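Here is a walk through one protein model, taken a stop at a time. Have the sequence and the 3D view open as you read.

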Amino acid sequence: MTTFEEVFGTAPDGAWRAPGRVNLIGEHTDYNDGLVLPIALPNRIVVTASARDDGIVAVSSNGQNGVIEFALDSLEPGSVGDWATYPAGMAWVLREAGYEIGGANLLVDSDLPTGAGLSSSAALLCATGVALLGLRDLEVDPAEVARLAQKAENQYVGAPVGLMDQMASMCCTAGHALYFDIRAMATEQIPFDPEADGLTLLVIDVKAPHRHVDGEYAARRKSCERAAAELGVPALRSITMDGLDEALAKLSDDVDRRRVRHVVTEIDRVEQAVALMRAGRLRDVGALFTASHVSMRDDFEITVPELDVAVDTALAAGAVGARMTGGGFGGCIIALVETAKADQTFAAIERAFGEHGFRAPTSLAATPSPGASKLD
Ligand code: ADP
Ligand code: MG
C-alpha cells in the first residue's frame, strides 16, 4: 500500500471513514415508498485527506493506479470520468448545496468489495463527503450528507439509486439496524446484536457474473409503477396486507400481480422483523429472511442460481434463516447462523459451489457497525 506522503508529497490533515451496508430485509421496497432495515458493515472506505488552497481536488485510490485531478470551479455532470466520478460528484453536490468546501488531496483505501452489492459506491461518496466537509470544519447533519450523496449518484454518476445505501452509511449505529421508513422519511435505531444471542450474520458474496442488472431493475420498477397506477395509489406502500387480495384481483397482468405480491408482503415482513427484534426474538427473524428469499425467487424473480444454491445450502446446514440481499441478479446472501456453525455453513456453500461449477464464494461476518465518522 502506498502512503499519503508518497502519493501527494505532503502530510494528511485527517482521515474519514464510511461503511458499506447489507439490508437485513425489505428488498425492492425503497422505490415503492416502503420500509428497509440495513446495517452498516465493519468493512468501509477510508479517505485520508489534506486541504489545498488552489481549488483543485486530486484523488487517488489504492485500488486503481494514478492520480486524477479536477478543478472545483469547472465541475458539472459528465466533466470527470472513471471511478473519480464518485468523488467529483460529491464535491459537485456539496458546492451546489452552498457548502464552502475547498481543494483537497484525497487518498481512498477500501476493504469493501466493489460491485458486490455491499454499496462501495455509497461508501465512497459518503467518505468523500465527510472528508471534504471535515477538512473545512463544516458540520452537516448525517442525513443531509446522505441525501446529497444520493443526489450525486443520481445526477452526477447517473445511477437511479434510492436513499437506503447512503442513509445506512451515514446514520447507522453499532449494535443496531436502521429502520428507515421511506414514505415518512423517518428513521429509528433497532437493537440488533446477533453475537449476544450466539448468532452470526454471515454475508456471502456469491461472485455471480452480473446479468442484465440495469434492464431488469428498470423492468421491476416499471411493473410496480404500472400496478400502482392501475390501482390508483401513489405507490405500492399504500396497499396493506388486508387489502392485498382485493388489489391483486384488480390487476390485469399476471406478472405485475406477482411483483405486487412481493412488494406488499416484503414491507409486511420488515414490520414483523422489527417487532421481533424489539421483543428480543432474533431467532424468529430467520423464518422471515427465508420467506423473503422465496418471494424474491418466485414472485419478484430477481435471484440467480448462485443465490438460490447459497441460500438452500445455508438452510440445509442449519442456518436459522437466509436470503439474498441487495438488488439481485448477483451480489450477496445473508445467513443468520449459530456462531458455532458459521464455519461449517460457509464450508458447505463452498462445496456446493464447487459441485455446481460456480466461482468460489467469499464470506465476511457482519457485525452491526457505526456510520461515517472522522478517524482519531
Ligand atoms: P457497489 O456499490 O455494489 O459496490 P457499484 O457499481 O454501485 O457497486 O459501485 C462500484 C463502483 O464504485 C466501482 O466501479 C468504482 O467506480 C467505485 N468504487 C468503489 N470502491 C472504490 C475504491 N476503493 N476505489 C475506487 N473506486 C471505487
Ligand atoms: Mg452501489
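## A look around the model

Let's start with Q150, which sits in helix α4 (helices are DSSP runs of H or I with at least four residues, strands are runs of E with at least two, and both are numbered from the N terminus). Because its relative accessibility is 18%, Q150 counts as buried (buried means under 20% relative accessible area, exposed over 50%, and partly exposed in between, with a 1.4 Å probe and protein chains only). A polar atom of the Q150 side chain is 3.2 Å from the backbone oxygen of V161.

Before going on, some ground rules: this is a predicted model, where local features need pLDDT of at least 70, side-chain atom pairs count only at pLDDT 80 or more, and totals for chains, interfaces and linings use all residues. Residues are numbered from 1 along each chain as its sequence is written, chains are lettered from A and ligands numbered from 1 in the order in which they are written, and side-chain values use heavy atoms, with hydrogens and water left out.

Next comes S121, in helix α3. S121 has 17% relative accessibility and therefore counts as buried. Its side chain makes a polar contact of 3.0 Å with the side chain of E153 (a polar contact is a pair of N or O atoms within 3.5 Å; within protein, one must be able to donate a hydrogen and the other to accept it, and residues adjacent in sequence count only if both atoms are side-chain atoms).

What surrounds ligand 1? There are 17 residues around it, and the closest are S61, G115, G117, S120 and S121 (a residue is near a molecule if one of its heavy atoms lies within 4 Å of it). Here are some distances to an oxygen atom of the ligand.

| Residue | Atom in the residue | Distance to an oxygen atom of ligand 1 |
|---|---|---|
| G115 | backbone N or O | 2.7 Å |
| G117 | backbone N or O | 3.0 Å |
| S120 | side-chain N or O | 2.6 Å |

The largest pocket has a volume of about 1,200 Å³. Its lining has 47 residues, and the closest to its centre are G117, S119, S121, E153 and D165. A pocket is an open set of points on a 1 Å grid over the protein atoms alone, where a 1.4 Å probe fits, with protein on both sides within 12 Å along at least five of seven lines; lining residues have an atom within 4 Å of a point. Volume is the space filled by probe spheres set on the points, which are joined across faces, edges and corners. Domain 1 (4-190) and domain 2 (192-364) both contribute to this lining, so the largest pocket lies between them; the domain bounds come from an automatic or database assignment.

The second largest pocket has a volume of about 210 Å³. Among the residues that line it are W16, V130, M170 and A372. Both α3 and α4 (142-157) give two or more residues to this lining, and α3 supplies the largest share, three residues.

Finally, two residues in loops. K207, between β9 (199-205) and α6, has a positive phi near 55° without being a glycine. E301, between α9 (282-298) and α10 (305-316), is likewise not a glycine and has a positive phi of about 50°. K207 counts as partly exposed because its relative accessibility is 29%, and E301 counts as partly exposed because its value is 34%.
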